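Open the model in a viewer and keep the selection panel at hand. The stops below go from a helix pair to a few charged side-chain pairs.

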Amino acid sequence: MSNSNIPLQPSSKKGWLYSKWTVVILLILLLGVITPSSIYFVHKVQAETIAKEQLHAKQQLIKNLETTAFSDHQFEQNDQGKMILFTDKNLSDSVKQIANTFIEKEKSNADLTLASTHIQSVTDQVGEVKTVLTNYTWNSDTKSYTKKSEKSLDPTYVDATTQQAITMQNLVVDEAHLAAIRLAVQQKLLDNAKDPDAILDQVLALPDFTWETQMMYTPTQLTITLPDNSGVQEDKVTLDYKTIARAINPAYVDPTIVATFPKNEHTGKKQIALTFDDGPNPATTPSILTTLKAKNVHATFFQLGEQVAMYPELAKQVHDEGHLIGSHTYHHLNLVTQNQDVIKEEIQDTDKAIFQASGILPTIVRPPYGAVNQDVADISGRPIIQWDIDSLDWKTKNSAKTLQQIQSSIVDNGIILMHDIQPSTAAVLPQLIDWLQAQGYELVTVDQLLDYDALPLHQYFSQDDERVIS
């Protein structure tokens with residue numbers, strides 16, 4: 001008999017179900033092991049591929065930089081994974097510290113950061129620390145790094161020889177130069193003021209500059225931070241080096257600016273500076289100005305403050321016609337016999353009168369009688385201009401004798417003392433100029449004669465006779 005129609009026994013059904021579920025469970029277990037392993041393996045392969053691509057892109061980026069931006073320097077390379085530092089091999093520790101401080105402050109969580117530091121030459125004596133930090137992101141489509149951002153160190157300058165920060169002693173050298181810078185700051189404050197008269201007294205009383213005075217250097221300009229007790233609203237003044245050429249070491253200045261510094265076009269020739277004291281005087285100064293203009297000659301006028309206050313238009317005319325104005329104090333006192341307060345008053349009152357008349361502060365001083373000591377030099381804060389050829393016009397009051405005196409004592413590159421309050425001087429001036437020019441002399445102003453290089457705390461008797469006041 002056939003068994004095909006015999007029903008399945010319960011025990012057989014149970015075994016079949018157990019077998020079915022066993023297979024399912026085994027499949028699940030198998031998938032649970034294989035699938036994560038497969039995913040892990042795939043991710044690992046992908047990560048390794050990306051890492052290789054990134055390494056290749058990084059190497060290519062570095063190679064490109066080495067043949068372009070870094071081609072002029074020998075760099076040490078420090079690969080820190082996502083940060084690569086390129087440092088010029090010749091940098092001092094102090095320069096490296098400047099760069100590292102900047103990098104630590106500016107670095108970010110970029111896919112790759114490149115930072116380079118070197119010194120770029122500005123002049124033979126000045127280098128600029130150039131630190132550039134560039135952040136890149138990974139572009140999976142192009143398989144390359146794309147620049148995300150770039151930051152540069154603020155201009156930081158060092159001495160090219162020592163690689164130390166440039167100090168004010170490097171640039172300004174000594175106290176005489178500091179005094180010259182103070183005078184330039186005073187003039188700049190007045191030039192910038194909407195109402196100069198409102199701040200004139202405070203500007204003239206500006207405290208002396210010291211090595212503690214804050215100054216910010218660049219090769220193109222100098223910024224002075226004024227002391228808290230300056231009495232003026234401006235807290236900083238920026239000076240072009242051309243205006244303080246005599247006060248700074250040109251080795252630390254951009255050569256294109258040095259080329260614009262004032263120069264004496266008569267250098268190498270016989271020169272004479274005509275100087276006139278005690279004016280302006282409406283009875284005689286106009287005649288002298290007329291002669292100078294007709295002869296195309298510029299001279300130097302040491303003006304008395306009280307005369308300027310009485311005749312401001314005449315003082316302005318002297319300036320407007322291209323002559324150099326110096327201070328001869330206010331009342332023509334012998335300053336070495338006065339106390340410091342009187343000396344200061346004589347200088348500042350004259351500065352005030354000349355500025356109100358002509359818009360400029362005098363940059364040179366001739367004390368009455370040529371009398372000078374340390375107090376006079378310190379308080380005036382300007383070069384002291386003496387003379388080596390005395391016309392004695394104040395004594396003889398005679399044109400012929402004035403001319404003869406000058407002719408008998410003339411020396412090359414000297415300074416002639418005359419007075420524009422003497423009628424005899426005004427009368428003989430045309431003849432004197434003709435005689436000097438016939439002798440081959442170039443007639444110049446005092447600043448030209450001294451090659452725009454005269455310094456405070458020094459006195460000058462001629463181009464070749466400079467003496468430190470002590």
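Select helix α5 (residues 196-204) and helix α10 (residues 340-358); α5 passes α10 in a right-handed crossing (the near helix is turned clockwise from the far one by less than a right angle). The contact (heavy atoms within 4.5 Å) is made by P196, D197, L200, D201 and L204 of α5 and by Q348, D351, K352, F355 and Q356 of α10. The helices pack at an angle of about 155°, with axes 10 Å apart, and are therefore roughly antiparallel (over 145 degrees).

This is a predicted model, in which local features need pLDDT of at least 70 and side-chain atom pairs pLDDT 80 or more, while totals for chains, interfaces and linings use all residues. Residues are numbered from 1 along each chain as its sequence is written, and side-chain values use heavy atoms, without hydrogens or water.

Next, show the salt bridges (a side-chain nitrogen of Lys or Arg within 4 Å of a carboxyl oxygen of Asp or Glu); the count is 13.

Select D79 and K58, which form a salt bridge at 3.4 Å, N to O. D79 lies in strand β1 (residues 75-79) and K58 in helix α1 (residues 10-67), so the pair ties together parts 21 residues apart in sequence.

Move to K269 and E442, a salt bridge at 3.9 Å, N to O. K269 is in the loop between α6 (255-258) and β10 (271-277), and E442 in strand β16 (residues 442-444).

Finish at D465 and R467, whose side chains meet at 2.9 Å, N to O.

Definitions and conventions:
Axes are lines fitted to C-alpha atoms, for helices over the stretch in contact, and angles run from 0 to 180 degrees between N-to-C directions. Helices (H or I, at least four residues) and strands (E, at least two) are DSSP runs, numbered from the N terminus. Angles under 35 degrees count as roughly parallel, over 145 as roughly antiparallel, 65 to 115 as roughly perpendicular and the rest as oblique.
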